[in-house]
Amino acid sequence: MIEAVGLTKRYGAKTAVYNLSFQVRPGAVTGFLGPNGSGKSTTMRMILGLDAPSDGHVTVNGLPYRRLPNAPRQVGALLDAKAIHGGRSAYNHLLCLAQLSGIPRRRVDEVLGVVGLHEVARKRSKGFSLGMGQRLGIAAALLGDPQVLLFDEPVNGLDPEGIRWIRTLMKRLAAEGRTVFVSSHLMSEMALTADHLIVIGRGQLLADMSVKDFIAHNSADFARVRTPDGEPEQREKLTAALGEAGAAVLPEQDGTLRVTGLPLPRISDLAHGAGVRLWELSPHTASLEEAYMRMTQGAVDYRSTEDQRAGLLGPAGQGQPNPYAAPPGAVPGAAGGAAGWPPPHGAAPAHPYAPPAPGGPGQPNPYAVPPQNPQASPQAPSQAQPQGWQPPPAAPQVPQQAAAPAAPAAPPAPAPADLTKRDNEDAR
Ligand SMILES: Nc1ncnc2c1ncn2[C@@H]1O[C@H](COP(=O)(O)OP(=O)(O)OP(=O)(O)O)[C@@H](O)[C@H]1O
């Protein structure tokens, strides 16, 4: 079990992680998601005692990493697969690690077999491909047969077979009762691998819930409807009939209609009543990627200037309304408008594809910490409210009390020009 309470990390004026509280439980794969620069690696480094928190604390099995007896046998981690002495063979690299931690030599052969590197074990690792390096890093993480495992972007550079292998491995490790905490930007992979998600944006907690709940709470299902090609009057007739019945209808670039607000049988009946033939009527269930994009859109620091101009944030494509965009009137917060969005509790969503307001009457708040989660520390309520989500403050503004109930004051949102500048700097 990993437990973070009020975890905060500042690098000078930069607040990388702010007041983060969560638990990572054994027996499950917990995905750790967040846009670039949101603080995932920093959090992992603090878990592993490589960085000291500025505030708050994090424990592994009840103790800070540095106080764990023989930590490498309790916690295994893949942080940076490139952090290997290239002149050493894979075997010698692992043997050094094993000897430092009192791990028997035979374990080196075992883990080399597990990760599929036994045939190249005597080769120098500087000749390894990206994927081979990842496998060696994973072997090192498994070396002490630890109960707690952390993987930062483990599928980086792996081919499809390798990706599938790591998915199976993680599930197996979790099924053995271990704690598996894994960061990734590959949403399709996370959807297949993770049971639970912790999502952060700009160093703050955005969500702590199961994958299923995360998708359900951050997306809106809709129907795809296609009328016969080359008969625009059929499409118009149907659009009018659906609109009259209270549906929201948006034309897609591929000629279909995206319909929300009505069940499929009702759409079919309305089409029949209007004398419109249908070539397609299919349900669309949101993917983890769509739900993730929707939740984190306002917490993205680095975005292409082309995407900003075209509004390419969701699958609707250029020139189409973006179903994941903040509704008109949402406060344009930092880098795209998290502030004020989702709408306040109980408010009707202004956007046709917006899911119901989280925490509205009769609805659980998807951003709230689940009741069974003992994370309900004094810090939790202020962290788990994306509606009031604010970027972490610069160092002088951070209240010294980690348990401060109110969200900290937000610095001014960067103007698009600032983002452009950052992009250009990145490109350099
Ligand atoms: N040693 C450091 N000194 C100063 N700033 C740092 C340091 N380490 C991280 N940061 C900053 O802290 C923020 C969080 O970085 P971090 O690497 O934790 O993000 P991340 O979520 O892992 O990003 P990515 O998905 O791109 O790997 C970034 O703005 C980064 O520039």
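This briefing walks through a protein chain and the ligand beside it. The model is predicted. The protein chain holds 13 helices and 13 strands. Of its 428 residues, 43% are buried. Among contacts in the chain with a separation of 6 or more, 66% join residues 24 or more positions apart.

- Strand β1 covers residues 2-11 and runs antiparallel to β2.
- Seven bridges join β1 and β2.
- Leu-7 stands opposite Leu-20, which belongs to β2.
- Two residues lie between the strands of this hairpin.
- Gly-12 takes a positive phi there, near 60°.
- Strand β2 spans residues 14-24 and is mostly covered, with nine of its 11 residues buried.

**Around the ligand**

- The residues that surround the ligand include Tyr-11, Lys-14 and Ala-16.
- Gly-34, Asn-36, Gly-37, Ser-38 and Gly-39 also surround the ligand.
- Lys-40, Ser-41 and Thr-42 complete the list.
- Two elements, β2 and α1 (40-47), each give two or more residues to this shell.
- Helix α1 supplies the largest share of the shell, with three residues.
- By class, the shell has seven polar, two nonpolar and two charged residues.

- Strand β8 (residues 196-201) runs antiparallel to β9, and six bridges join the two strands.
- Ile-198 has Asp-208 in β9 as its bridge partner.
- Strand β9 (residues 204-210) is mostly covered, since six of its seven residues are buried.
- This hairpin, too, has two residues between its strands.
- Arg-202 lies in the loop between β8 and β9.
- Phi of Arg-202 is positive, near 45°, and the residue is not a glycine.
- Is Arg-202 buried or exposed? Arg-202 counts as buried, because it has 26 C-beta neighbours inside 10 Å and the cut-off for a buried residue is 20 or more.

**Helix α5**

- Helix α5 (residues 160-175) has 16 residues.
- From first C-alpha to last, α5 reaches 23 Å, close to the 22 Å expected at 1.5 Å a residue.
- Ile-166, Met-170, Leu-173 and Ala-174 are the buried residues of α5.
- Seen down the axis of α5, these buried residues fall within an arc of 95°, so they line one face of the helix.
- An α-helix has 3.6 residues a turn, so residues three or four places apart point the same way.
- The face turned away from the buried side of α5 carries exposed residues, namely Pro-160, Glu-161, Thr-168, Arg-172 and Ala-175.
- The cover over the buried residues of α5 includes β3 (28-33), β6, β7 (179-183) and α6 (187-193).
- Just after α5, Gly-177 takes a positive phi of about 95°.

**Helix α8**

- Helix α8 (residues 232-244) has 13 residues, which should span 18 Å at 1.5 Å a residue.
- The end C-alpha atoms of α8 are 18 Å apart, so the span agrees with that expectation.
- Which residues of α8 are buried? They are Arg-235, Leu-238, Thr-239, Ala-241 and Leu-242.
- The buried residues of α8 line one face of the helix, because they fall within an arc of 170° seen down its axis.
- Pro-232, Glu-233, Glu-236, Ala-240 and Glu-244 are exposed on the face of α8 turned away from its buried side.
- Elements that cover the buried residues of α8 include the strands β10 (222-226), β11 (248-251) and β12 (257-260).
- Helix α9 (264-273) is also part of that cover.

**A positive phi at Asp-145**

- Asp-145 is not a glycine, yet it has a positive phi of about 50°.
- Asp-145 sits in the loop between α4 (130-142) and β6 (148-152).
- Asp-145 is partly exposed, because 14 other C-beta atoms lie within 10 Å and that count falls between the cut-offs of 12 or fewer for exposed and 20 or more for buried.

Conventions
Residues numbered from 1 in each chain as written. Predicted model: local features only at pLDDT ≥ 70, side-chain atom pairs only at ≥ 80, totals over all residues. Helix = DSSP H or I, 4+ residues; strand = E, 2+ residues; numbered from the N terminus. Pairing = 2+ DSSP bridges. Near = placed C-beta within 6 Å. Nonpolar A, V, L, I, M, F, W, Y, C, P; charged D, E, K, R; others polar. Contact = placed C-beta atoms within 7 Å. Expected span 1.5 Å × (residues − 1). Arc of directions from axis to C-beta.
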